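Visitor: I would like to learn how to read a few features of a protein model with care. Could we take them one at a time, with the general idea before the case?

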Amino acid sequence: MHQQSLFKSLLSRKVAFGATLGGAVLFMVIGVILWGGFNTVMEATNTMEFCISCHEMEENVYQEFKGTAHDGNRSGVGAGCPDCHVPRPWVHKIVRKIKASNELWHKMLGTVDTPEKFEAHRLTMARRVWSAMKETDSRECRNCHDWDTMNPEKQKPRARNQHVFAMENGNTCIDCHKGLAHKPVHKDISEEELEEWAKPIEAYKTEIPASFKEGLAKAEAAEAAEEAARQEESRKERERRKAQALALQEKIDAAVAQALAAVKSQDAGAVAAPAAVAHGFGVDWSGSPERLITLFYPGQTSMEWTLVGKFHGGARPFRAGDRCTVCHEKELADMGKKMVTGQKAEPTPLEGKRAAIPVTVQAAHDDENLYLRFQWEDAEHVPVPFVDGGKMDPANQVKLALMLATDELEYASQAGCWGTCHEDLRTMPGHPEDAAAAGLSLDLSNGVTKYIKESRTKVEEKGRRGKKLGGWDKLKDDAAIKAELDAHKVMDLIRWNSSGKTESGYVLEQRIMDDGGKVDAQGWLEAGLWTVEVRRPLKSSGTGNITIDPGTVYNFGFAIHDDYTNARFHHVSLGYKLALDNDQAEINAVKAKVTAPAATTAAAPQKAASPAGGEVGNNVDWSKAGERQITLFYPGQTSMEWTLVGKFHGGARPFRAGDRCTVCHEKELADMGKKMVTGQKAEPTPPEGKRAAIPVTVQATHDNEHLYLRFQWEGTEHVPISFVDGGKMDPDNQVKLAFMLATDELEYASQAGCWGTCHEDLRTMPGHPEDPAASGLPLDFSQGVTKYIKESRTKVEEKGRRGKKLGGWDKLKDNPALQAELDAHKTMDLVRISSGSGNVENGYVLEQRVMNGGEELLGSIKEEAGYWTATFKRKLKSELSGDVEIEKGTVYNFGFAIHDDYTNSRFHHVSLGYKLGLDNPEAEINAISQ
């Protein structure tokens with residue numbers, strides 16, 4: 001009894017605030033039970049299963065999350081929704097749970113209960129998450145990722161450099177790592193907003209951990225040793241294979257020589273040299289700008305067809321004055337494909353016929369004549385199924401026709417020669433059944449042929465109320481026709497046939513091919529490439545001929561009947577502008593040297609040329625020259641501006657802070673090239689089969705007067721480019737190599753080498769203007785906008801804020817300002833060599849790419865045993881404004897590119913920027929004296 005009383009006494013004893021001990025114990029027990037229940041509920045809501053229990057999450061973000069690195073990885077570690085979105089500290093967790101009650105409210109409202117609603121609110125929700133992470137220094141990310149535990153030895157150079165940059169500047173994880181587990185919605189926001197989100201915060205700066213520094217040093221040392229070993233192994237393998245191939249070639253040469261000697265001894269003179277033939281008119285084409293013009297298969301698209309809205313969506317813009325090139329120049333191959341396959345405007349599709357033909361066009365003149373050269377790839381014969389024998393014109397494998405007109409002809413300035421093609425011509429839909437019955441004074445033996453609107457009283461162009469399109473039978477009277485002819489209001493026409501016949505004529509009331517004008521043309525097929533040269537007097541007395549005067553721009557168009565075709569089954573161009581010595585004209589006929597054409601050996605294979613005395617640098621001991629292996633990579637459409645925009649390039653901020661491209665990327669160039677050559681990144685037209693990267697051995701040396709450079713790399717088998725007929729963008733040149741030099745005075749040169757010449761608005765780049773020549777700028781736009789540097793512009797848009805287009809092609813400084821930059825040698829010095837001709841060009845880049853104006857230099861290029869070698873000899877000193885002088889004690893910025901496998905334009909391989917110096921072991925390319 002006494003013990004029981006004692007127990008009761010203890011329970012009834014007051015311990016604090018009048019509460020008994022028994023009451024305290026009771027409330028403790030109840031509290032433990034309640035806390036356990038609360039915590040159990042809290043933890044139940046912190047599971048992946050709970051998070052995706054509502055269909056809004058399960059059907060949207062969870063589907064995006066599956067398969068990502070956070071869902072699972074090679075180490076078997078996964079992160080669920082709570083790991084990233086719910087704080088671990090208790091107080092912050094409670095705050096997050098309270099905020100989550102708002103989500104229950106929107107669940108009841110059905111705010112995001114359909115995929116469409118979810119997408120509409122996605123950016124709002126994403127901004128909310130970014131804001132939370134930014135405010136907490138990415139606290140939830142650091143549950144798994146922390147500076148102290150990072151091992152830079154396991155990271156790519158780009159990643160570890162970005163982490164150092166973040167620690168030093170005060171950036172946090174979410175600044176760079178948006179869209180890792182979910183849809184990258186940040187790519188839809190403006191560059192201004194993206195920059196605002198990524199602003200560093202002073203409080204987030206942190207000292208680089210000692211462990212990170214140690215790992216960084218180990219990684220760099222290991223990579224340096226690995227690179228040295230790789231280069232040495234590459235050198236040994238190259239020499240081994242080269243020696244092996246040379247030995248085999250020597251055996252073959254010896255066997256051939258022995259066989260020839262035996263034949264000659266049996267029948268002297270039996271082995272005759274190929275006959276010498278003369279090709280062309282002796283024009284030096286090296287100074288003539290080239291323009292690549294795509295001819296496409298047009299089907300039954302007449303002039304009237306282009307003016308009827310239900311056929312042609314561009315009818316209204318065309319009627320308002322737009323040129324055809326404005327909309328269509330970049331899509332001609334696709335247009336041709338639609339028609340040649342019968343998808344559009346072609347009732348008789350030609351199976352196997354190529355959709356388009358890329359043609360290189362050049363123009364030149366002397367005091368008396370205009371010269372034109374056309375080059376394009378031949379194609380295999382594809383028989384036409386509706387013609388016996390499969391050849392519409394068996395006598396002519398190829399015919400080329402070109403037309404010239406002034407702006408006096410309606411539509412000529414917009415469409416070139418398209419105004420001669422009508423809906424009622426032969427083989428077209430509206431051709432009359434019995435044209436001869438009309439009794440018109442026309443030659444209708446072959447049906448209705450080409451005519452122009454100026455020869456008719458009316459041409460039906462809209463077909464309203466059932467009227468037939470065209471106007472073949474609305475012929476003006478003879479006096480009116482004669483007046484038009486005397487005024488030279490004609491479409492001047494020249495045609496060359498592969499059988500050897502050249503015709504000069506015109507189109508007015510019909511096509512007339514005998515006006516007596518003195519025109520010569522030659523054409524030949526060599527090594528799978530057609531070349532046609534035309535010589536035409538500038539001044540002409542023939543009524544059907546147009547006089548070509550300086551200062552006037554003419555409308556130009558041409559067509560090719562390839563593979564024995566006839567009538568409308570040809571390939572045609574849009575309308576272009578041609579003029580004499582006018583760099584604003586799309587086809588600029590420059591003054592050229594013309595000599596008597598030299599005879600060449602028929603069917604002789606093309607070989608790369610070398611200067612007199614053999615290969616440049618034969619007197620150089622290359623074993624004493626500095627050597628570095630540099631990887632060139634395929635860059636896609638990555639311009640200078642692209643590198644400066646954060647949403648495209650994660651390294652934009654470090655680069656703007658002064659980092660060189662090599663800091664992050666030198667060890668990953670092959671991987672970068674692979675992403676772009678396969679279309680994973682920054683390449684809308686991936687060339688299938690093209691190699692991603694080219695390792696090149698670069699050597700440099702010098703004497704008292706000259707700098708010598710040698711580049712060596714392994715060749716590759718030809719991989720035809722699928723979007724170019726014939727598969728070769730530049731059939732004349734299997735390989736071209738260009739290198740550039742600049743001082744630190746040019747912005748970005750010290751960081752990126754020659755990258756600063758590549759802009760978002762250059763030809764074949766995304767921002768290229770449709771008609772740059774219309775700007776009236778004093779630049780050569782015959783090949784579009786070419787390379788330029790920032791120093792030549794008043795402004796270059798580098799961020800694209802508020803929808804502004806990247807680049808600055810049209811923000812040209814005035815002539816005095818450009819001359820001042822040139823006089824100060826603030827240019828990107830440029831040297832280029834082409835394997836086909838062996839031509840070496842020395843120029844520069846300032847307001848555009850200029851391929852002359854430099855000191856004469858020597859260069860050679862050759863292929864031997866599967867390896868290419870390009871060698872250059874350049875004066876150290878030069879007084880010419882386009883050249884950079886090379887002096888001891890100065891480090892120069894250097895970059896180079898290779899167009900391999902017959903490529904052109906941006907489809908090359910490029911280097912990052914490197915440092916070149918004379919007798920400077922700190923320079924990455926050290927030209928050692930000898």
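Visitor: Is Thr427 buried, partly exposed or exposed?

Guide: A word on the source comes before the answer: this is a predicted model, in which local features need pLDDT of at least 70 and side-chain atom pairs count only at pLDDT 80 or more, while totals for chains, interfaces and linings use all residues. Residues are numbered from 1 along each chain as its sequence is written, and side-chain values use heavy atoms, with hydrogens and water left out. As for the general idea, buried means under 20% relative accessible area, exposed means over 50%, and partly exposed lies in between, with a 1.4 Å probe and protein chains only. Thr427, with a relative accessible area of 36%, is therefore partly exposed.

Visitor: Where does Thr427 lie, and what is its phi?

Guide: Helices (H or I, at least four residues) and strands (E, at least two) are DSSP runs, numbered from the N terminus. Thr427 sits in the loop between helix H17 (412-415) and helix H18 (478-486), and its phi is near 70 degrees, a positive value in a residue other than glycine. Ala567 also has a positive phi, near 55 degrees, and is placed in the loop between strand S13 (554-561) and strand S14 (571-572).

Visitor: How should I read a salt bridge, and how many are found in the whole structure?

Guide: A salt bridge is a side-chain nitrogen of Lys or Arg within 4 Å of a carboxyl oxygen of Asp or Glu, and the search of the whole structure finds 47 of them. In one of these, the side chains of Lys134 and Asp175 meet at 2.7 Å, N to O. Because Lys134 lies in helix H8 and Asp175 in helix H10 (residues 173-176), the pair ties together parts that are 41 residues apart in sequence. Lys134 counts as buried at 12% relative accessibility, and Asp175 is buried as well, at 5%.

Visitor: How far apart in helix H8 are Arg122 and Glu119?

Guide: They are three residues apart in helix H8 (residues 115-135), so about one helical turn separates them, and their side chains meet in a salt bridge of 2.9 Å, N to O. Arg122 is buried, with a relative accessible area of 6%, whereas Glu119 is partly exposed at 37%.

Visitor: Which side chain meets that of Lys476 in a salt bridge?

Guide: The partner is Glu484, at 3.1 Å, N to O; Lys476 is partly exposed at 21% relative accessibility, and Glu484 is buried at 12%. Elsewhere, salt bridges that share partners join Glu64, Glu119, Arg122 and Lys183 into one network.

Visitor: Which residues lie nearest the centre of the largest cavity, and which helices supply its lining?

Guide: Of the 17 residues that line the largest cavity, Trp642, His649, His665, Met672 and Met676 lie nearest its centre. Helix H19 (640-644), helix H21 (661-665) and helix H22 (669-677) each supply at least two lining residues, with H22 giving the most, namely three.

Visitor: How far apart are Arg291 and Val361 in sequence and in space?

Guide: Arg291 and Val361 are 70 residues apart in sequence and 5.3 Å apart in space, C-alpha to C-alpha. Arg291 lies in strand S4 (residues 290-296) and counts as buried at 9% relative accessibility. For another pair, Glu380 and Gly352 are 28 residues apart in sequence and 9.7 Å apart in space, again C-alpha to C-alpha. Glu380 lies in the loop between strand S6 (369-377) and strand S7 (399-405), and at 72% relative accessibility Glu380 counts as exposed.

Key: 1 Å grid on protein atoms, 1.4 Å probe; cavity = no way out; pocket = protein on both sides within 12 Å on 5 of 7 lines; lining within 4 Å.
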